[in-house]
Each structure stands twice: as C-alpha cells, then as structure tokens.
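Here is a short briefing to read with the model open beside you. It goes from the chain interface to the ligands and then to two residues inside chain A.

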Amino acid sequence: MVGSSSKEPNRPLWVLAELTYRCPLQCFYCSNPIGFAQTRRELSTTDWLRVLREARELGAVQLGFSGGEPLLRSDLEVLIEEAARLEYYTNLITSGIGMNEQRLSVLKSAGLDHIQLSFQASTAELNNYIGGAASFEHKRDVARLIKKQGYPMVLNVVLHRGNIDTVDHILDFAEELEADYVELANAQYGGWARLNRNLLLPSRSQLDRAEAKVATFRRRLQSQMRIFYVVSDYFEGRPKPCTAGWGRTFMQITPDGTALPCHGARELPGMRFPRVNETSIAEIWKSPEFNRFRGEGWMKEPCQTCPERHQDFGGCRCQAYLLTGDPENTDPACALSPDHDLIQNAIETARRTASAMQPPKFRNVHNSRIHGDKLGLRQV
Amino acid sequence: MTGLIQAGDIIEMAPHYRLRWEDAQQSYVLLYPEGIVQLNGPAAEIMKQCTNRTSFEQVLGEVGDLYPTDDVESDVREFLEEAASNGWIIIQRA
Ligand code: SF4
Ligand code: SF4
C-alpha cells in the first residue's frame, strides 16, 4: 500500500540551466561540447526569467544552474531569487571559483537550496593539474564556508585513470569537509572526455580496486554522509539509462538557449533543437526533436524485444551515434550490442597507450577552436 | 541511525528535504539535492507527520485514523524504515 508511485510523469521535472560556457578551469573530461567556443550570444536575464516561469508552469521542480561556471553570470542572484519565488528546489553546480563568503550569504537570502561543489582531486597537486589552474585551496575554503552557512553540500569528483587510485583519500577528504553527499562519478565519454579518452579510461583492475575501497569506506562510515558512486558504463556491460529516458523528465538549456533532451544531443546529426528565445518551453517539450527518441518505437534489435528496455531505454543515443555512427543503434556499452567490441577495443587501446604520456587536450577556447569543427557543436 | 524502529523513537524529516504539494502532478513530492520522489497518498500522509519532530506512535495514530486497515502498523513501520535507509528521515533513539 505505501510507497512512491511510478506514474509516468512525462513533463520536464528537471531543468538544467547552463548559464555560460565560460569557465576559469579547463578539466579535460568536461561534458561541454568540444566546439563550445563557437557558441552564439548568451541568453539575457529576461529570457532566463521567462524560461524559469514557463518550465515551472509545466511542472518542473528541480532546477540546476550550471555551466561552464555559473558564478561568472552577474545575474545569478536575480535568477535564483526568481527560482525560489517560483518554488523550485534550486541547485548550484559550481567549481567554487568566484565564490566568497559575501556571495554565499547573498545567494542564501535569495533562496538557494543546495550547492554541488566539484573538486578534480583531493590533493592540491592533482586537483590543480586536472583543472588546469591553481584552485584547490580556494575550493577547500569555499567548502568550509558552504557548510558554515548551513547549505547542504554535495562534493563531486569525476573519476578517471588519473585520480581513481586515490578514491579512499577523496572519501576521507569529503568526510573531513562534512559533505552531506559525495558523488564519485566515473567519467562519461562524451564531450571533452571523448577527445581525451585514451588518457582517462582506467583499467579494469583500477576500477575493481576503487570499488572495493568505496565498499570498505561505506562499511566503516560513521557520519550521515551519503555516497553516490556512479559506475562506468564502459565496464558494466550495461548502458546508463541516459537522463532517465529521452524526453521523459529532463530538459537542458544551453547558454545560447538551445533546449536539449540530454547533454550530448547537440552532436547528433540532422537535428536542429529548438531555442527558448524562439519557442515556448511547452512547445519545445512537444517538438519533433523531443519526440525523436521518446518511448520505445524507434528501437531496433536487440533493444526492441529486450526486457531491460523499460529500465535503461536502450542507453545513450549520443554514445550510440558517436561510436557506431547511427543514433538508433543499441548503445555499444551494452554487452548485447553487436558493436560492443568498440568499447572493449577502446579499453584495450587505452591500456596499451597508458604509458605513452600524451599531454591532455585541456578544455579551453584554443583547443575548442582546433577540435570543435571536427567533433563538437555542429550548429551555431 | 537507520534500521529497526523501536517504541519511543524520535522521528524527523532530514534537514534539506522539502515536502510539497505539486498541482501539476496532483500529488505530494519530496525534494532534496538532486532528487525528486513522487509520493502516493499514504506515503505523503506519513511524511507530512514527519515534517516536525514526532514519534512512531504519533505517526501511527494519525495515519491509522486515515487508513484503518489491519496492516497499517506494519505498513507504516516498513515505510519509515525504508525512508530512514533512503535518508529521507532521521530516527533518534529516545
Ligand atoms: S568540468 Fe571543469 S572545465 Fe568543465 S565546466 Fe566544470 S569546472 Fe569548468
Ligand atoms: S539490448 Fe538494449 S534494452 Fe537490452 S540491455 Fe542492452 S541496451 Fe538495454
């Protein structure tokens, strides 16, 4: 009798507002499109305010402000104030650069509910190397201030070959900072992570060791801290239920106002996603682009008749396209996919080249211009 | 703590959780960092009781009046234990 209902919501419950692609850091696994530097003008404050109202009318409740670095927008306080007035649950997803005590308290009075602070690693040396800037001490100070002001804090670290061996240290560090949640997310190989995949993919044994360390830590955990460990689809033999299903509950709005059903959708061929400055959120939600992979009608075998399809929705369309060339294919991360060898070969290639120290392609404007035409952000 | 509920335990919704009626969904939802849970009628009634410090006996009293079934005690207990292990509520031993 008692429990949570599983009624299909089919409305954008989650809205991710990417306020800007500008960012002081240059993480080489960044999920932003490789061609971000070609992006058009950022949406105006007025546009964002209207978007927040329209999405809320459709039933959106969870709102994330991210980027790039959302603190670079000087209207962030105004947007959060309006979001709080509309009764969203507001999340700020930040690297911490640009935050200080004063701004934290202004955001608090504007009604900000929660902060997700990212670290690149739990030591200064590694953190600063991966992020391409000396940010560690500042981040640590910001984490303390966040807690001091009574916000709930998620500490987020993207895991990859370069930091996954330190996962126990990361957990100790998170506990010491009194994080309410720590999210250890294995890199997803879209955006910049795809470009740097050979450098980022861990080995199977690294992954197993890390998972064992997380399990040990969980057993002895005394505090209320909760750990979200996000597995790597490359090693699971099962795909991720990408954004809980295309066009089911999630909408992402990019800095120039393009509305997307998932992070990488912009890279899909032959699709021009609607823009919030031309089309209302309600129309966007019903648009042909948002219908493209909704439900199960588009699926091919093996997904079409697989019992798992209601749980994983056949995986990620963008990964299917990036790796197999056809977005209707089964996500190759699935062991049942006829293209699964692409994943296994990628792991093998990364393992073989692991010792041949190539420099990473950091996420910055220069690299975006060089690599963007080939791989990212087709439509500008 | 999580685990089995005993007589006299103090129950309270975890800080940073919000319980709210959503018109668009015609239901109560529980909101927390990066999460939404849509609650059915009985679940919402139980969580409503937990928004202020309460006890198992009090929750059961209120919810039992609304849903006077034979299983109500075990249903409420089961839900609260599940809610505690999800981190929605905090149980303190008196
Ligand atoms: S992943 Fe790194 S580079 Fe990308 S937006 Fe976040 S902090 Fe900036
Ligand atoms: S075949 Fe398709 S539906 Fe079945 S597990 Fe693989 S990706 Fe999921």
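How much area is buried between chain A and chain B, and what percentage of it do carbon and sulfur atoms give? The area is about 2400 Å², and carbon and sulfur atoms give 54% of it; buried area here is the accessible area (1.4 Å probe) that two parts lose on being put together, summed over both.

This is a predicted model, in which local features need pLDDT of at least 70 and side-chain atom pairs count only at pLDDT 80 or more, while totals for chains, interfaces and linings use all residues. Residues are numbered from 1 along each chain as its sequence is written, chains are lettered from A and ligands numbered from 1 in the order in which they are written, and side-chain values use heavy atoms, with hydrogens and water left out.

**The interface of chains A and B**

- On chain A, 30 residues are in contact with 26 residues of chain B (contact means heavy atoms within 4.5 Å).
- Two salt bridges are found across this interface (a side-chain nitrogen of Lys or Arg within 4 Å of a carboxyl oxygen of Asp or Glu).
- In a salt bridge, R56(A) meets E22(B) at 2.8 Å, N to O.
- Strands β3 (89-94), β4 (114-119) and β6 (181-186) of chain A each supply at least two residues of the side that touches chain B (strands are DSSP runs of E, at least two residues, numbered from the N terminus).
- That side of chain A has twelve nonpolar, ten polar and eight charged residues.

**The two ligands**

- Ligand 1 has C23(A), C27(A), C30(A) and R363(A) among the residues around it (a heavy atom within 4 Å).
- The shell of ligand 1 has four nonpolar, four polar and one charged residues.
- Around ligand 2 are residues including C303(A), C306(A), C334(A) and D312(A).
- The shell of ligand 2 divides into six nonpolar, two polar and four charged residues.

**Two buried residues of chain A**

- T254(A) sits in the loop between β8 (250-253) and β9 (259-260).
- T254(A) counts as buried because its relative accessibility is 1% (buried means under 20% relative accessible area, 1.4 Å probe, protein chains only).
- Leaving out residues up to four places away in sequence, T254(A) touches E18(A), Y21(A), W48(A), L260(A) and R266(A).
- S122(A) lies in the loop between β4 and α4 (124-131) and is buried, at a relative accessible area of 5%.
- Beyond four places away in sequence, S122(A) touches F136(A), H169(A), I170(A) and F173(A).

Key:
Helix = DSSP H or I, 4+ residues; strand = E, 2+ residues; numbered from the N terminus. Nonpolar A, V, L, I, M, F, W, Y, C, P; charged D, E, K, R; others polar. Buried < 20%, exposed > 50% of the residue type's maximum accessible area, 1.4 Å probe, protein only.
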